[in-house]
Amino acid sequence: MGIKSLAKDTAIYGMSSIIGRFLNWCLVPLYTHMFSAEQYGVVTFVYSVVALVLIALTYGMETGFFRFANHDRWRDPMQVYSTVLISLATSGAFFIAAVALALNPLTSMMRCDGHPSWVMIMAVCVAVDAFSAIPFCYLRFRNRAMRFAVLKLVNIGLNIGLNIFFILLCPWLMKVAPSTVDWFYRPDFSIGYIFLANGISSVVTLAMLLPEMRGFRWRFCGKLFRNMLAYSLPLLVLGLAGIMNQTIDKIIFPVLYKGPDVMDQLGIYGANYKIAIVMVMFIQAFRFAYEPFIFAQNKQDGRTSTAAYSQAMKYFVIFALFIFLGVMFYLDILKYFIAPKFFSGLAVVPIVMLAELFFGIFFNLSVWYKLTDKTIWGAWFSLLGLAVTLAMNAFLVPSMGYMGCAWAALTCYTVMMAASYLIGRRRYPIAYHLRRLGFYAALAAVLYAVGIYIVDTRWEIVNFAIRAVLLAVYCVAVAKTEHISGAELLRPLLAKIGRR
């Protein structure tokens, strides 16, 4: 596969993932306006557990498939493919059976009291998603990027459509034409329709993947499976540690917070956390472009490549700080992304956004252990972050509530970022523009303080105008420091117009 083909496929995979995340993000206003904080707290809790279980049920076999399907010893990749499919189908079936056998206690543990069907739906959903991950890997293995993206987007589109149908359309039809829906729709099923929509879209997607599960002989190779398991289990540890850094605060919050309104508080935290996803989407987009970039640069002269990594870090920080300022300056508008009953948690937004910014810097710093094939350091950093997250949540949540979760996330990513930088300095030195990065961080901090704590007139339109000027100050300062002229920015656009 040539570089152009790789770049095109990376763009397709990346855009489908980012668009999918964005579209799912757009469901948050629907949920927060239609359900109570307590109900949304249950949704937040369930999906945090689901994210963890999904990693466990794939147990690193996605990466294992790519490794062994390209391995010289196993010349038939279809044997690898069928072995992994049978393995995940078996483990998924056992998982569903285990959940069914322990349904009542699990329903209580999942905060779904009185609704065991919610837990059963999500058990089937997560097992199906874990199994479907391998046919999606097969599509990538066969370089069928477009089919991969189409199926992913169909899955998301169907999920969104079903959410709108169950949550908005069915209640309206119950009022104006009840006979059309009362044979299947039950208002007391409530947030269960969120889970049902997810389950239906997962099963339909699996059905659409059936062509990828035909045309070969299904066979299970025990020796191959044991080798793959030995390879994949360390990746499982890394995957679990990574996802736990993102979700464990929401899972342990009901245990640590002793107030009677625990699920209300978790719902408020979960809803406001979603506002900060703007930063996460930027980091996701950057990651899809950056990983091919770093390995391509590694083929060049060492000094040239490290200079490129330093430049990439600098521009990442510049754009991330701009996003941070933009969101914070216009949070009074963006807050309407969620329902007013969740506004009490807006204080977590700057903390979580800063935490995600630090995670983005950590991702940039990870270049040293990826290029030196010391990826075990990524696992150590993730485990270190997990230890910090657990300790900080245990210390802060009982007294601070969900604000403790936010500060724990910030502390976790700060420690991971600092550790990666300090160790990377010795093992793969890169001359980052520390003074310039410090200048941009200090400038953003000053502008943030001015825009949030000093600019406070009685007229919001005036506040927004002044904050727009402050954003412009940041952009001009960056342009002057980096010696970027307006003509340089317009040159690609003018050239494109000229070609037309």
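I looked up which helix gives the most to the lining of the second largest pocket, and H19 does, with seven residues. Helices here are DSSP runs (H or I, at least four residues), numbered from the N terminus. The model is predicted, with local features needing pLDDT of at least 70 and side-chain atom pairs counting only at pLDDT 80 or more, while totals for chains, interfaces and linings use all residues. Residues are numbered from 1 along each chain as its sequence is written, and side-chain values use heavy atoms, with hydrogens and water left out.

I noted the volume of the second largest pocket as about 370 Å³. Of its 20 lining residues, Val-317, Leu-357, Phe-358, Ile-361 and Ala-441 are the closest to its centre. A pocket is an open set of points on a 1 Å grid over the protein atoms alone, with protein on both sides within 12 Å along at least five of seven lines; lining residues have an atom within 4 Å of a point. A volume is the space filled by probe spheres set on the points, which are joined across faces, edges and corners.

At least two lining residues of this second largest pocket come from each of H13 (302–329), H15 (348–365), H18 (402–427) and H19 (434–454). I sorted the lining by class and got 19 nonpolar, one polar and no charged residues. Ala, Val, Leu, Ile, Met, Phe, Trp, Tyr, Cys and Pro count as nonpolar, Asp, Glu, Lys and Arg as charged, and the others, Gly among them, as polar.

Next I looked for cavities (sets of points where a 1.4 Å probe fits but cannot get out). I found two of 30 Å³ or more.

The largest cavity has a volume of about 60 Å³. I listed its lining as Leu-365, Trp-368, Ser-420, Tyr-421, Gly-424, Arg-425, Tyr-428, Ile-430 and Tyr-432. H18 supplies the largest share of that lining, four residues.

For the second largest cavity I have about 40 Å³. Asn-245, Asp-249, Tyr-273 and Cys-405 are among the residues that line this cavity. H10 (222–256), H11 (262–275), H17 and H18 each give at least two residues to its lining. The classes there are five nonpolar, four polar and one charged.

Last, I checked H17 (residues 376–400) against H18: their axes come within 8 Å and cross at roughly 155 degrees. H17 is therefore roughly antiparallel to H18 (angles over 145 degrees count as such). Axes are lines fitted to C-alpha atoms over the stretch in contact, with angles from 0 to 180 degrees between N-to-C directions. I recorded 18 nonpolar, seven polar and one charged residues in the contact of H17 with H18.

Definitions and conventions
Parallel < 35°, antiparallel > 145°, perpendicular 65-115°, else oblique.
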